[in-house]
Amino acid sequence: LPTDRFLFAGFAPPQSGARRGLLQELRDIPATLVLYETPRRLKAFLNDAADILGSQRQAAVCRELTKRFEEVRRMTLGELAGAAEGFVVKGECVVVIERAAPGRAAEPAEVEARLEAALEGASFKDAVREVAEATGLPRREVYQLGLALRDRDAGEEQ
């Protein structure tokens, strides 16, 4: 991962909402992201990072850096999140995440997933606003996607 520009963000907050908020702030930063994480919260962090930053972003989970049993696992965030169940981790980890691609457009599947997640804990209006801000898409476009998603879900329930 490029080291010409990086942002060290320290430890991510332990609470899911605060952690997701931090990841939202870091999402579009054009620098390699470096964070610390505890073994106990690593899986939850990787799941949130894959969801918010994008499952296709390259990342590495590093442990025991500069020590005898140094270990580095490099995959996409989605692959790391899926593999985290089997990780045996001792000591703090350093998570390094690829920088945001310039002008990256949100994929429709990503927007749908974000909307579904946001709708679980917020009103339709608030969820649309949150997803529009996170993706950089026009609110009207996200609103239309939300209506289509809601109509689709209503059709499945019948």
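Biologist: Which residues make the nonpolar surface patch of about 430 Å²?

Modeller: Phe6, Phe8, Phe11 and Tyr36 make this patch. Nonpolar side chains (Val, Leu, Ile, Met, Phe, Trp, Tyr) are joined within 5 Å, like charges within 9 Å. Areas are Shrake-Rupley values with a 1.4 Å probe, and for residues only the protein chains shown count as cover.
The model is predicted: local features need pLDDT of at least 70, side-chain atom pairs 80 or more, while totals for chains, interfaces and linings use all residues. Numbering runs from 1 along each chain as its sequence is written, and side-chain values use heavy atoms, without hydrogens and water.

Biologist: Which strand gives the largest share of the nonpolar patch?

Modeller: Strand 1 (residues 6–11) gives 3 residues; strands are DSSP E runs of at least two, helices H or I runs of at least four, numbered from the N terminus. Phe11 lies in this strand and is partly exposed at 42% relative accessibility (buried is under 20%, exposed over 50%, partly exposed in between).

Biologist: Where is Glu64 found?

Modeller: Glu64 sits in the loop between strand 3 (58–63) and strand 4 (71–76). Its phi is positive, about 55 degrees, although it is not a glycine, and at 24% relative accessible area Glu64 is partly exposed.

Biologist: Is Thr66 buried or exposed?

Modeller: Thr66 is exposed at 76%. Thr66 lies in the loop between strand 3 and strand 4, with a positive phi near 65 degrees.

Terms used:
Patch = residues over 30% accessible without salt bridge, like charges linked within 9 Å, V, L, I, M, F, W, Y side chains within 5 Å. Salt bridge = Lys/Arg side-chain N within 4 Å of Asp/Glu carboxyl O. Buried < 20%, exposed > 50% of the residue type's maximum accessible area, 1.4 Å probe, protein only.
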